[in-house]
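Keep the structure open beside you as you go.

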Amino acid sequence: MCGNMFRAVFRLSASGARSLTRSRPCYSAPLASRCYSHGKVETDEEFDSRWVTYFSKPDLDAWELRKGMNTLIGYDLVPEPKILDSALRACRRLNDLASAIRILEAVKDKAGPHKDIYPYLIQELKPTLTELGISTPEELGIDKL
């Protein structure tokens, strides 16, 4: 492995004089290893349970809530209603209405062109939203901004 980008090479000329020349860049390629067959594959139920447990922690703070939601939204999926229920209850424990509404907006955005997913989630979450006193972005009129 080279410390510098270029490797210094000393060459002897025909007259015997040493000259310093630079050769091509010296790059060290990273060693890639992929071990797809090693490790336990998480089932859908275990995934859901892990996130429900994460958002149900009594000592969860606002930063951890946002970090968890950013991670969850980063996955190639729309979270299940039970995960969102747990996240909305965490927002209520933290008295953070803005985060609760942002979660609903993020889920609507995550559903993308699939127009039947978001109404299904709202239908499933309606009892929780009513219990916690959380309005949807549509009820607040901020979905049209």
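The exercises below go through the helix pairs and then the pocket.

Before you start: this is a predicted model, in which local features need pLDDT of at least 70, side-chain atom pairs count only at pLDDT 80 or more, and totals for chains, interfaces and linings use all residues. Residues are numbered from 1 along each chain as its sequence is written, and side-chain values use heavy atoms, with hydrogens and water left out.

**Exercise 1.** Work out how α2 and α3 are arranged and which residues join them.

*Solution.* 
- Step 1: Find α2 (62–74) and α3 (residues 81–93); helices are DSSP runs (H or I, at least four residues), numbered from the N terminus.
- Step 2: Compare their axes, which are lines fitted to C-alpha atoms over the stretch in contact, with angles from 0 to 180 degrees between N-to-C directions. They come within 11 Å and cross at roughly 155°.
- Step 3: The two helices are therefore roughly antiparallel, a label for angles over 145 degrees.
- Step 4: List the contact (heavy atoms within 4.5 Å): Leu65, Met69 and Leu72 of α2 with Ile83, Ala87, Ala90 and Cys91 of α3.
- Step 5: Sort these residues, counting Ala, Val, Leu, Ile, Met, Phe, Trp, Tyr, Cys and Pro as nonpolar, Asp, Glu, Lys and Arg as charged, and the others, Gly among them, as polar.

**Exercise 2.** Now find how α2 runs relative to α4.

*Solution.* 
- Step 1: The axes of α2 and α4 come within 11 Å and cross at roughly 5°.
- Step 2: That makes the pair roughly parallel, the term for angles under 35 degrees.
- Step 3: On the α2 side, Leu65, Met69, Ile73 and Gly74 meet Ser99, Ile103, Ala106 and Lys110 of α4. This contact has five nonpolar, two polar and one charged residue.

**Exercise 3.** Describe the largest pocket and its lining.

*Solution.* 
- Step 1: A pocket is an open set of points on a 1 Å grid over the protein atoms alone where a 1.4 Å probe fits, with protein on both sides within 12 Å along at least five of seven lines. The largest holds about 210 Å³, the space filled by probe spheres set on the points.
- Step 2: Lining residues (an atom within 4 Å of a point) are Leu65, Arg66, Met69, Asn70, Ile73, Ser99, Arg102, Ile103 and Ala106.
- Step 3: α2 and α4 (97–111) each give two or more residues, and α2 gives the most, with five.
- Step 4: The lining divides into five nonpolar, two polar and two charged residues.

Terms used: Parallel < 35°, antiparallel > 145°, perpendicular 65-115°, else oblique.
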